[in-house]
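The report below describes how the parts of this protein are arranged, moving from the chain as a whole to pairs of packed elements and then to single residues.

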Amino acid sequence: MSQNEVNVVTKATKKAVGQKDNAHSILWRYQWRLVGESTLLFQIFSATILLPLFFGFSFMQVIAELKAGTEYYGIFLLVGVLLASLIVTPNSLPAILVSLERQNFHFLATTPQDIKKYLRLKFQFILIIQGALTLLILLGIALVGKFTLFSAIVFVLGGVLYTIPATANYLLKDYRKPFFEWSDYIQLINRGRSNAKMVLIMFAKWIATIIAVVVAVVLVAFFGAFWPNMILSLLVVGGILAMYIWQILKWQKI
C-alpha cells in the first residue's frame with residue numbers, strides 16, 4: 001500500500017510538471033504567432049532598422065579616419081550604444097508585444113496564470129529576438145567596416161548590454177499603458193507618436209554622439225589614449241548600469 005501511494009504521488013507530480021512545461025511551450029508558441037505576421041515584421045523593419053543601418057554605415061567613414069584602433073575603444077563603446085538605442089525604440093517589438101494580444105491579454109489575466117511570470121516569459125522571448133537583431137546588425141557593420149577585433153567586441157558589447165534594459169523598459173511601458181483598440185499594425189506602431197518627433201530625437205542622439213566623438217579625439221590627442229577612453233567608457237557603462245537598476249526596481253513593483 002505504501003508503494004502504491006508513492007506511485008500515485010509520483011504520477012501526480014510528473015503530470016503536474018508535464019502540464020507546467022506544456023503550458024510554458026504553448027505560451028511560447030503563442031508569442032511567436034503574435035510577432036510572426038509578415039506585414040508586422042515589414043512595418044517594424046521599416047520603422048526601426050533602416051535608419052540605424054543608414055547611420056551605422058555612414059559612420060564607417062569616421063571610423064576609417066580614426067584608423068579603427070584600440071586607442072579609441074571608448075568611442076566604439078559609445079557608438080554601439082547609440083546604434084542600439086536607434087534599434088530598440090518605442091516603435092520596436094518590445095513596445096507593442098502586450099498590445100498585440102488585444103483582449104487576449106485581459107483573458108490571460110483572469111486565469112490562474114501569474115501575470116508577473118507571464119510578463120517575465122514575454123521579456124525572455126522578446127529579448128532573444130531583439131538581442132539577436134541588435135547583435136546581427138552591429139556585427140554586420142563591424143565586418144563591413146573592417147573593425148579591429150577588440151574594437152568590434154567593444155562596439156557589439158555596448159549595443160547588446162544596452163538592449164537588455166531598453167527592452168525591459170519598453171515592454172513594461174506597454175504593459176502599463178497598452179493600446180488594444182488598433183485596427184492595423186501601422187496604427188499600433190505609431191500610436192500617439194509623431195514620426196517627425198522620432199526622427200528628430202534620433203538626429204539629436206546622433207549629433208550628441210558626434211560631439212562626444214570629436215571631444216574624445218581631441219582629448220586623446222592632447223592627453224593620450226588612457227584617461228579619455230577610460231572616462232568615456234565609465235560614463236557609458238555607468239549609464240547602462242543605472243538603467244539596469246532602475247528597471248529592476250520598476251519590475252519589482254508589478
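Residues 24 or more positions apart account for 86% of the contacts in the protein with a separation of 6 or more, where contact means heavy atoms within 4.5 Å. This is a predicted model, in which local features need pLDDT of at least 70 and side-chain atom pairs count only at pLDDT 80 or more, while totals for chains, interfaces and linings use all residues. Residues are numbered from 1 along each chain as its sequence is written, and side-chain values use heavy atoms, with hydrogens and water left out.

The secondary structure comes to 10 helices and 0 strands, and along the sequence the protein follows the pattern α-α-α-α-α-α-α-α-α-α. Helices (H or I, at least four residues) and strands (E, at least two) are DSSP runs, numbered from the N terminus. Of the 254 residues of the protein, 42% count as buried; buried means under 20% relative accessible area, exposed over 50%, and partly exposed in between, with a 1.4 Å probe and protein chains only.

**Helix packing**

Two packed helices are described by the angle between their axes and the distance between the axes. Axes are lines fitted to C-alpha atoms, for helices over the stretch in contact, and angles run from 0 to 180 degrees between N-to-C directions.

| Pair | Angle | Axis distance |
|---|---|---|
| Helix 7 (residues 149-176) and helix 10 (residues 226-252) | about 30 degrees | 10 Å apart |
| Helix 4 and helix 7 | roughly 40 degrees | within 7 Å |
| Helix 4 and helix 6 (residues 115-144) | about 130 degrees | 10 Å apart |

Angles under 35 degrees count as roughly parallel, over 145 as roughly antiparallel, 65 to 115 as roughly perpendicular and the rest as oblique. Helix 7 and helix 10 are therefore roughly parallel to each other, whereas helix 4 and helix 7 are oblique, as are helix 4 and helix 6. As to handedness, a crossing is left-handed if the near helix is turned anticlockwise from the far one by less than a right angle, and right-handed if clockwise. The crossing of helix 7 and helix 10 is left-handed, while that of helix 4 and helix 7 is right-handed, and the crossing of helix 4 and helix 6 is right-handed.

Where helix 7 meets helix 10, the residues on the helix 7 side include Gly158, Leu161, Tyr162 and Arg176, and those on the helix 10 side include Ile240, Met243, Gln247, Lys250 and Trp251. The residues of this contact divide into 12 nonpolar, 3 polar and 2 charged, given that Ala, Val, Leu, Ile, Met, Phe, Trp, Tyr, Cys and Pro count as nonpolar, Asp, Glu, Lys and Arg as charged, and the others, Gly among them, as polar.

In the contact of helix 4 with helix 7, residues including Tyr73, Phe76, Gly80 and Leu83 in helix 4 meet residues including Phe150, Val154, Gly158 and Tyr162 in helix 7. The residues of that contact divide into 11 nonpolar, 6 polar and no charged. Gly80, Leu83, Ala84 and Ile87 in helix 4 also meet residues of helix 6, among them Gln130, Leu133, Thr134 and Ile141, and the division here is 7 nonpolar, 3 polar and no charged.

At 1.5 Å a residue, the 27 residues of helix 10 should span 39 Å, and its end C-alpha atoms are 39 Å apart, which agrees; the expected span of a helix is 1.5 Å times one less than its number of residues. The buried residues of helix 10 include Pro228, Leu232, Val236, Ile240 and Trp251. Leu235, also found in helix 10, counts as exposed at 61% relative accessibility.

Ala208 has its place in helix 9 (residues 195-223) and is partly exposed, with a relative accessible area of 45%. Ala208 and Leu82 are 126 residues apart in sequence and 9.8 Å apart in space, C-alpha to C-alpha. Phe150, in helix 7, is partly exposed at a relative accessible area of 40%.

Most residues other than glycine have a negative phi. Arg102, which is not a glycine, has a positive phi of about 55 degrees, and is found in the loop between helix 4 (73-87) and helix 5 (103-109).
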